[in-house]
Every structure is written in C-alpha cells, then in structure tokens.
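Welcome! Take a moment to look over the chain and turn it around on your screen. Then let us walk through it together.

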Amino acid sequence: EIKLLHAQVNPHFLFNALNTISAVIRRDPERARQLVQNLSTFFRKNLKRPSETASLADEVEHVNAYLQIEQARFADRLSVAIDVPDELRAARLPAFSLQPLVENAIKHGTSQLLDAGHVRIAARRDGGDLLLSVEDNAGLFEAGRAGGDGLGMAIVDGRVRNRCGAPYGVTVACEPDVRTCVNLRLPLDLPAAVEPAAP
C-alpha cells in the first residue's frame, strides 16, 4: 500500500515540480536551488524510510518539502499554516501518513479554486490520542467520488485502522464550498523521555 501511495504521487508531482523549477530558474536562481533541495528532501523521505513508523517531525519535514514546491507553483494562490507543538514532534506514527492528506487537500481542493487557497495542518493531544488535521478552504470533498481521488486517504485510513483498531483512522467533515477538514486520529505514542507530565 505504501508503494502504491508512492507510485500515485511521484509521476504527477515530479512533472509539476520540474516545470515549476524550470520557470523559477530564469527569474530567481537561488530560489530554484532551494526548490531542488526541497525536491531532493521529498524523494529521499519517500525512498528511505528505515522503519514502518516515523516521528511526527519527520512527517512534517516531508510535507514541508512538498509544500515548498506547491507554493512556488501556485505563488500567491496558496498559503499554508502548520501548527505542530514541539512536545508532539517526537510522537511516532505510521510512515507516509500525513503527506497524502495534504496532497489531497491541494490537488482536489485548493487547486480547483479561482481565489486563493488556504491549507492548515495542525496536531494536538486529545486525551491519550494524537489528532492530526488538514483543513482547506475549498469544501469540495465528495465521499465515494469516482476516479480514485480519495485513494491515498483510504490507504492511510486502512493502515491506521489495521494497526491501531476501529476507534482510529481518518474522518472527514465538509461544509460544501466553505471548508473540508480531514482528521487522522492515532494513539499518542511518545518516547518515555519526552512524555509530558500529567497535569
């Protein structure tokens, strides 16, 4: 399933990324160099995962490399906010869980808007759980949409449910043409050394 996610993202993303970098080279060579670094980071994270799990910090780094290229591509038509508290960055989760949700928000959400798109990525602790959310201002989510639009999200959901059980996985809340919020709930798995003290 992870290989299927990689196969789904790589050709389209690489094509768009190379076109974006080609356009930026002429007007801002230093920015183009940074984008090549982002592209390198993105594919390194795709290809070199030492285990089935990753830290939330690793997932955010992967997503940020992706987002730098998408923001260069869409310029002022895409803004992104990332709100991940430092104390949660060491949390462990299945590798390659966050990027497909963010890609979905852009590819099938904000990129379809005539106005500016906004994506917000957040993490918070909810009791003994880790709750990740990816919200866009498009509100274009359609459950069961034909064409495999939700394939990445369905694979993430299935992997988490198989690993952690039925209470966990992906849920979606959509206000049509206003916002879509995709939530991923996981058991909070923090190394003992960084487990915050109980209040």
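This is a predicted model: local features need pLDDT of at least 70, side-chain atom pairs count only at pLDDT 80 or more; totals for chains, interfaces and linings use all residues.

Let us begin with the strands. Five of them make an open sheet with mixed pairing, in the order S2-S4-S5-S7-S6. Strand S2 (78-83) and strand S6 (169-175) are at the edges; each has a single partner strand, so one side of each has no neighbour in the sheet. On average, neighbouring strands here are turned by 15 degrees against each other, with direction ignored.

## How the strands pair

S2 pairs with strand S4 (residues 117-126) in the parallel sense, over 6 bridges. If you look along this pair, you will find Ser79 opposite His118 in S4.

Next, S4 and S5 run antiparallel and are joined by 8 bridges. Here Val119 stands opposite Asp136 in S5. These two strands form a hairpin with 2 residues between them, and Gly127 in the turn has a positive phi of about 65 degrees. S5 also pairs with S7 in the antiparallel sense, over 8 bridges, and Ser133 has Asn183 in S7 as its bridge partner. How many residues of S5 are buried? In this mostly covered strand, 7 of the 8 residues are.

## Helices across the sheet

Helix H3 (residues 56-74) lies across S2, S4 and strand S5 (129-136), and runs at about 165 degrees to S2. Helix H4 (residues 99-107) lies across S2, S4, S5 and strand S7 (179-187), running at about 20 degrees to S5.

Now find helix H5 (residues 151-164). Its 14 residues reach 20 Å from the first C-alpha to the last, close to the 20 Å expected at 1.5 Å a residue. Which residues of H5 are buried? They are Gly152, Met153, Ile155, Val156, Asp157, Arg159 and Val160. An α-helix has 3.6 residues a turn, so residues three or four places apart point the same way. Just after H5 comes Gly165, with a positive phi of about 110 degrees.

In soluble globular proteins, nonpolar side chains tend to be buried together. The largest nonpolar core in this model has 44 residues, and those touching the most other members are Leu56, Leu98, Val102, Ile106, Leu130, Leu132 and Leu184. At least two residues of this core come from each of helix H1 (2-27), helix H2 (29-47), H3, H4, S4, S5, H5 and S7. H3 gives the most, with 9 residues.

Zoom in on Ile106 for a closer look. Apart from neighbours within four places in sequence, Ile106 is in contact with Tyr66, Leu67, Glu70, Phe74, Leu78, Ser111 and Val119.

## Cysteines and a glutamine

A disulfide is a covalent bond between the sulfur atoms of two cysteines. How many disulfides does a search of the whole structure find? The search finds 0. Is Cys181 buried or exposed? Cys181 has a relative accessible area of 7%, which is under the 20% cut-off, so Cys181 counts as buried. Cys174, at 28%, is partly exposed.

Finally, visit Gln37, which is found in helix H2. Gln37 is partly exposed, with a relative accessible area of 47%. In sequence, Gln37 and Ala65 are 28 residues apart, while in space their C-alpha atoms are 8.3 Å apart.

Conventions: Residues are numbered from 1 along each chain as its sequence is written. Side-chain values use heavy atoms; hydrogens and water are left out. Two strands pair if DSSP finds at least two bridges between them. Helices (H or I, at least four residues) and strands (E, at least two) are DSSP runs, numbered from the N terminus. Axes are lines fitted to C-alpha atoms, for helices over the stretch in contact, and angles run from 0 to 180 degrees between N-to-C directions. Contact means heavy atoms within 4.5 Å. The expected span of a helix is 1.5 Å times one less than its number of residues. Buried means under 20% relative accessible area, exposed over 50%, partly exposed in between (1.4 Å probe, protein chains only). A nonpolar core is a set of buried Ala, Val, Leu, Ile, Met, Phe, Trp, Tyr and Cys residues joined through side-chain atoms within 4.5 Å. A disulfide is a pair of cysteine sulfur atoms within 2.5 Å.
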